[in-house]
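Thank you all for coming. Today I would like to talk about charged side chains and how they pair, so please keep the structure in view while I speak.

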Amino acid sequence: MKLRATLVHRTVLDPTQETVPRGFRAPGTAFMIIGGILGAFGAYLFQVIGGRALGPVEFAPIGVLWTVLFIGITVVLVPLEQYVTREASRGRQVLEADRRVLVVVGLSSAVAGWLFAWSTRDSLFDGRGVYAVVLGAALVGYTVFVAAKGILAGHRRFREVGWVLVGEAALRLGVAVAVLAVARSAPALAWSLAAAPLACLLLGFWRHDRPVREVAATSPAGFLGAYVLGSAASQILLAGAPLGVALLGGSPELISVTFVTFTLYRGPLTLIYALQGRILPFLVRMAENDGAGLRRLAVWVLGGGAVLLVVGAGVGWLVGPQVVSLLYGEAFTPTRTVAALAAGGVVAASTTQVAGQVLVARGRTGFLAGAWVVGLVAGLVTMFASPGEPALVVGVAFLVGELAALLTLGALTVGRAGTAATPGTGAE
C-alpha cells in the first residue's frame, strides 16, 4: 500500500513520470509554433496599421520605441525567460524561490529604459517624456510576460505558451485600433506596446508554478550575467550592419538598403527567440539523463546548420535582391553578394542560437557568452581591416563574425565542456 501511494505521488508531482507523449510529440507543440507565427504576423500588422494611420513622420517615435524595447527584451529578458524555463523544468517553484531575481531584473530594466528614453527625448522622441513612462511600463510588463512563458514552457504547457503569444499580438492590435479610433496620435498609440504583455495574466500562469522535486538552485547571477553579455554581443553583431556602413562612410541610401535587407532576413531568428522555450525543457531532461545523447543532438544541429548555411546563401544570391525590391521598392535593392552574405550569416546565427540551448540546458552560459564575444570581435576586426565598398565589407564581416561564433560554440558544445556538469550551476 505504501509503495502504491509513493508511485501515485510521483505520478502526480513528477512530470518525468507522465505517460503523455514527450519530446516534440508532446501536446500543444504544434499550437505553440502556430502561436509564434501568428504573433509575428500580428507584430507586422501593428506596424502597418500604425504607420498608415500616423504617417512616416509621426510614426517615427513608435519605430524607435519598438526598436529600443526589442533590444531590451532580447538582451536582458530573453535570458531571464531561459532561466525561468530551465528552473521550472528542473522542478523548482520559480515565483517563490526566485521572486527577488524577477523583481530586480524587471525594475532595473524599467529604470534603464526610462532613463534612456528620458535623456534622448529631444533627439528621438519628439521631446515628449511620455515615451519614457511607456517604455518603463512596457519593460515591467514584459518581465511578467517572459516569466509566464518560462513557467508554462518549463511545465510543458505548450498550448498555453501559444495562447500567450497570440494574446500579446491580439491585445496590442486591439488597443491600437481602439486608440487610433479615438485619438490618432503617436503618444496614445504607444500605450498599446505597454498593454500587450499583460495578455499573459489571462492565462493564470502562476497556477502552474509548483515545486516538483528537490534540486540544487542555479546561481542566477552567474547564469544571467553571462547570458546577458552573450546576448548583447550577439545583438550588436546582428543589428549593427547599418551602423557599420555609416562608420565606413556609406551614403544614407546605402545605409537604408543595408538596414531593410538585414532586418528582413533576420525575421526567422526573431521567431526562434519566441519558440526556443519549447526546446529547452527537452534539453534539460537530456542533460540530466543522457549526456551522450545531448552531444549527438548538438552534432546533428550543427551539421544541419552548416548545410542550411550554404543553401541560405545560395537562395540569397538567386532571389534575395528581388524579395527586398518586391517588399520595399527598387530603391532598396541590395547587390546579390550582399544579399547572399546576409542570408548566410543569419542562418549561421540561427544555428548558433539553437545549438546554444545545449549550453543553456547545462547552465553553461559563460561558454555561450564566450562564443558570441569571439564572433563579435572577429566581425569587428574583419570590418575595420578590410578594404572595399562599405556594404560589401560589412556583409563579409557579418558572415565572418557569425561563422566564428558558430565554430566556437560548436567546439564548446560538442566537446566535453559542453556536456559535463558545472559545480554550482545546478546542472546534474
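This is a predicted model: local features need pLDDT of at least 70, side-chain atom pairs count only at pLDDT 80 or more; totals for chains, interfaces and linings use all residues.

Side chains of opposite charge can pair when their charged atoms come close. In this model the count of salt bridges is 5, and I will go through some of them.

The side chain of Arg157 joins that of Glu160 in a salt bridge, with 3.0 Å from N to O. Glu160, in turn, has a relative accessible area of 16%, so this residue counts as buried.

Now, how exposed are the partners in the salt bridge between Arg99 and Glu96? Their side chains meet with 3.3 Å from N to O; Arg99 is partly exposed at 47% relative accessibility, and Glu96 is likewise partly exposed, at 49%.

Finally, please look at helix α7, which covers residues 158-182 and holds both Arg172 and Glu168. These two residues form a salt bridge in which the closest N and O atoms are 3.0 Å apart, and both of them are buried. Where do they sit relative to each other along the helix? They are 4 residues apart, and therefore about one helical turn separates Arg172 from Glu168.

Methods: Residues are numbered from 1 along each chain as its sequence is written. Side-chain values use heavy atoms; hydrogens and water are left out. A salt bridge is a side-chain nitrogen of Lys or Arg within 4 Å of a carboxyl oxygen of Asp or Glu. Buried means under 20% relative accessible area, exposed over 50%, partly exposed in between (1.4 Å probe, protein chains only). Helices (H or I, at least four residues) and strands (E, at least two) are DSSP runs, numbered from the N terminus.
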